[in-house]
Structures are given as C-alpha cells and as structure tokens.
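Trainee: I am new to this structure and would like to be taken through it. Please begin with a single detail and widen the view from there.

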Amino acid sequence: MSPGDLRVRPGRSRRITLHPGAWWLWAVSLGTAATRTTNPLLLGLLIAASGYVVATHRSSAPWARSYTAFVKLALAVLVVRVVFAVALGSPIPGTHTLLTLPEVPLPHWAQGIRLGGRVTAEAVVFAAYDGLKLATLLVCVGAANALASPTRLLKSLPGALYETGVAVVVALTFAPHLIADVQRLRAARRLRGRPDRGVRGLLQVGLPVLEGALERSVALAAAMESRGYGRTAEVSTRVRRTTAALTLGGLLGVCAGTYGLLTAEGGSYGLPVLLAGVAAALAGLRLGGRRSLRTRYRPDPWGPRAWLVTGSGAAVAALLTLASVRDPQALHPGVVPLVAPTLPLWPAAAVLLALLPALVPREHP
C-alpha cells in the first residue's frame with residue numbers, strides 16, 4: 001500500500017480511500033465480458049461475483065441502495081424478453097412445442113410478425129439467454145452505482161466533461177433518493193393502516209414523491225448557481241475549433257477502430273485507428289479543460305488498490321473475449337438442437353478474477 005492511498009487528518013484515524021473511477025472501470029469491464037457470451041452459467045457467475053463484491057464493500061450512503069433496484073430492473077428485463085418471444089414469436093426454428101396460443105391474423109404489410117401461435121422450447125431458451133445477457137449488463141451498472149460515490153467521481157472528471165458529469169451525477173444521485181422516498185412513504189402509509197399498493201396506493205405515494213423531487217431540484221439549482229456551477233473561462237476561437245476537431249475526430253477514430261477489431265476484415269487497421277482515436281480524444285479533452293475555472297480539493301489518489309480493481313475487471317473482459325474466439329461453442333451454447341449448457345473451466349476461472357476486489361480493504365468513513 002502506497003502512502004498516497006492513505007489520507008490522514010489531524011486528530012482523526014486514517015481513512016482508506018479507493019478511486020471511484022476504478023469501480024466504474026471494473027464494472028464496465030464485467031459488462032463487456034457479459035457481451036461476449038450467452039452461456040447462462042458464465043453469466044450467473046458474473047452476477048454472483050459482482051453481487052458478492054457489492055455485499056462486502058457497499059456503504060450505507062443513500063446512493064448505495066440503488067443496487068437492489070437495478071437487480072429488480074434486470075429481472076423485469078429478463079421476464080419481458082421471454083414474454084415477447086412467447087407472444088410475438090421468434091425466428092428460431094424448433095421442434096419441441098411447449099404450447100400453442102391462439103394466433104391473431106395480421107394484415108399483409110405485417111409480414112414476418114405474428115401474435116400467438118406455436119411456442120417452442122428453443123425459442124424460449126434463446127430469449128432467456130439473450131435477456132440474461134442484458135440483465136447481467138444492468139446488474140454490473142448497478143454494482144458501479146452502489147460502489148462508487150457520485151460526488152467523488154465528479155471530482156475526478158476532466159475539466160472538459162465537468163458540465164456533462166454534473167448532469168449525470170445529479171441524475172444518478174436523484175434516483176436513489178426517489179427510491180428512498182417511495183420506501184419511506186409506503187412504510188408510513190402501512191403504519192397508518194392505509195393501502196400502499198395498487199393504483200390508489202401508487203397515486204397516493206407518487207404525488208408526494210414527485211412534489212419532493214421538484215422541491216429538491218429547485219433547491220439544488222439555486223445552490224449550484226450560488227456556487228458558480230456552469231461558469232466557464234474565455235478561450236479563443238482557434239482553441240475551441242481545435243478542441244472540437246480533436247474530440248470529434250478522436251471519437252470517430254474510436255468507433256472505426258472498435259468496428260475494425262470486431263470484424264475479420266479490419267484486423268489490420270483496427271488497433272492503430274483505435275489508439276490514434278483515443279490519443280486524439282484525450283488531447284481534445286485536455287485542451288477543452290482550459291474552459292473550466294474549477295480546482296480540485298484533495299483529489300482521490302490512484303494507488304495500487306485502484307490498479308488491482310481495474311486490472312481484475314480488464315482481465316475478465318480480455319480472457320472472455322479470447323475464449324469467445326477460441327471456443328465459441330462453449331460461450332454460446334446452441335439451442336438448435338437444444339442442448340444443456342456446460343461450464344467451460346478456464347473461462348469460469350477467468351470470471352472468478354472479478355472477486356479480487358473483495359480482497360481490498362473496505363473504505364472507512
């Protein structure tokens with residue numbers, strides 16, 4: 001542990017801090033790994049690993065309670081994906097019929113779409129695999145929201161992204177507050193013997209929550225204006241045009257390089273274009289930071305523990321990407337014919353690397 005990882009305050013005990021960007025990079029890497037497979041066993045391991053790290057390192061702050069909401073959203077997405085496959089049909093052919101729904105005739109211009117009809121096990125399993133992949137992405141995003149402090153993350157953003165970061169952080173901060181308000185109002189109504197479910201309960205709870213959110217928004221806007229949020233420095237037209245060209249060109253280069261890496265035809269130019277795009281985007285962000293008048297007070301250090309958290313997620317993403325190329329059958333179990341998924345050993349061991357952040361000491365307030 002380096003001296004920069006410990007923050008010492010006079011008269012207080014040492015406080016262990018971890019850069020919030022490390023948690024986001026870890027979670028985004030796990031989400032990237034989830035996009036490389038539809039194996040439900042590997043996706044379940046990713047969900048379990050991220051959930052265990054959240055359980056061991058989540059704080060008691062209001063924004064840390066949003067993980068449960070993301071898990072519920074992920075379950076809803078999975079159910080909706082399966083229901084859509086049952087009701088609207090699926091292009092996946094199948095021979096194992098589960099049930100036959102009444103089919104609704106559609107006009108000729110709706111060719112390729114059907115309502116009802118034969119529901120096969122292959123179509124349901126394919127929809128469940130696809131929905132579980134998206135659900136895993138949502139769980140990983142929820143893990144990042146539960147582990148990384150939004151205000152500390154805002155302090156670490158480059159000056160060029162500060163205004164955008166303020167808007168994102170405000171949105172991410174308001175969501176847990178809304179959830180906490182709903183839980184508080186529902187508990188209060190239950191204590192008074194009033195209904196808190198159904199349409200009537202939703203209206204009785206929703207209106208006070210909306211009113212409180214509007215009052216909080218007005219108070220936050222007034223506080224931000226009094227503290228100088230949104231003020232920028234004067235820069236020349238040449239600097240603004242150069243910043244826009246570097247940032248836009250860099251983002252286009254990142255998109256083109258990523259496309260090249262994902263396709264077989266672009267394997268030769270993908271990596272150089274991606275690196276050039278990243279360099280141009282970083283240069284644009286640094287140059288655009290001149291418009292920001294803010295300074296950082298006691299910024300969070302990026303120490304060995306931050307490298308450990310980030311590296312564990314990056315290793316999972318890289319190894320699963322490699323496994324999807326070398327053994328695509330194991331990471332994408334077939335549904336036609338319908339076969340039971342198997343757990344590939346070394347990709348499963350790679351997913352377990354996501355548990356390394358659990359070894360990092362928990363932050364102390």
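**Starting from one histidine**

Trainee: Which backbone oxygen does the side chain of His-57 reach?
Mentor: The side chain of His-57 comes to 3.3 Å from the backbone oxygen of Pro-357. Such a polar contact is a pair of N or O atoms within 3.5 Å; within protein, one must be able to donate a hydrogen and the other to accept it, and residues adjacent in sequence count only if both atoms are side-chain atoms. Please note that this is a predicted model, in which local features need pLDDT of at least 70 and side-chain atom pairs count only at pLDDT 80 or more, while totals for chains, interfaces and linings use all residues. Residues are numbered from 1 along each chain as its sequence is written, and side-chain values use heavy atoms, with hydrogens and water left out.

Trainee: Where is His-57 placed?
Mentor: His-57 belongs to helix α2, which covers residues 40-57. Helices (H or I, at least four residues) and strands (E, at least two) are DSSP runs, numbered from the N terminus.

Trainee: Is His-57 buried or exposed?
Mentor: His-57 is buried, because its relative accessibility is 12%. Buried means under 20% relative accessible area, exposed over 50%, and partly exposed in between (1.4 Å probe, protein chains only).

Trainee: And what is His-57 in contact with?
Mentor: Apart from neighbours within four places in sequence, the partners of His-57 are Trp-23, Leu-147, Pro-357, Ala-358, Val-360, Pro-361 and Arg-362. Contact here means heavy atoms within 4.5 Å. His-57 and Leu-359 have C-alpha atoms 9.9 Å apart, although 302 residues separate them in sequence.

Trainee: Let us take the rest of α2. Which of its residues are buried?
Mentor: They are Leu-42, Leu-43, Leu-46, Ala-49, Ser-50, Gly-51, Val-53, Val-54 and His-57. These buried residues pack against α1, α3, α4 (121-147), α10, α11 (328-331) and α12 (345-351).

Trainee: What happens at the start of α2?
Mentor: There, a side-chain oxygen of Asn-39 comes within 2.9 Å of the backbone nitrogen of Leu-41. Thr-38 sits in the loop between α1 (20-34) and α2. Thr-38 counts as buried because its relative accessible area is 15%, and its side chain makes a polar contact of 3.4 Å with the side chain of His-332.

Trainee: Changing topic, which residues have the most contacts inside the largest nonpolar core?
Mentor: Those are Trp-23, Trp-26, Leu-30, Leu-46, Val-309 and Val-316, in a core of 37 residues. At least two residues of this core come from each of α1, α2, α3, α4, α10, α11 and α12, and α4 gives the most, with 9 residues. A nonpolar core is a set of buried Ala, Val, Leu, Ile, Met, Phe, Trp, Tyr and Cys residues joined through side-chain atoms within 4.5 Å.

Trainee: What does Val-309 touch?
Mentor: Setting aside residues up to four places away in sequence, Val-309 touches Leu-18, Ala-22, Trp-23, Trp-26, Pro-357 and Val-360.

Trainee: What about Val-325, buried or exposed?
Mentor: Val-325 counts as exposed because its relative accessibility is 63%. Val-325 lies in helix α10, residues 304-326.

Trainee: Where does UniProt place the feature "transmembrane region"?
Mentor: The unreviewed UniProt entry lists residues 40-57, 69-92, 160-180, 244-262, 268-285, 306-323 and 343-360. Its positions are given in the numbering used here, feature names are shortened, and annotations may be inferred rather than shown by experiment. In the model, residues 306-323 are 100% helix and 0% strand, while residues 69-92 are 83% helix and 0% strand.

Trainee: How many strands are there?
Mentor: The chain has 4 strands, along with 12 helices. Strand β3 (residues 97-104) has 0 buried residues among its 8. β3 runs antiparallel to β4 (residues 115-120), joined by 5 bridges; two strands pair if DSSP finds at least two bridges between them. Within this pair, Val-104 stands opposite Leu-115.

Trainee: Lastly, how much of the chain is buried?
Mentor: Of its 365 residues, 35% count as buried.
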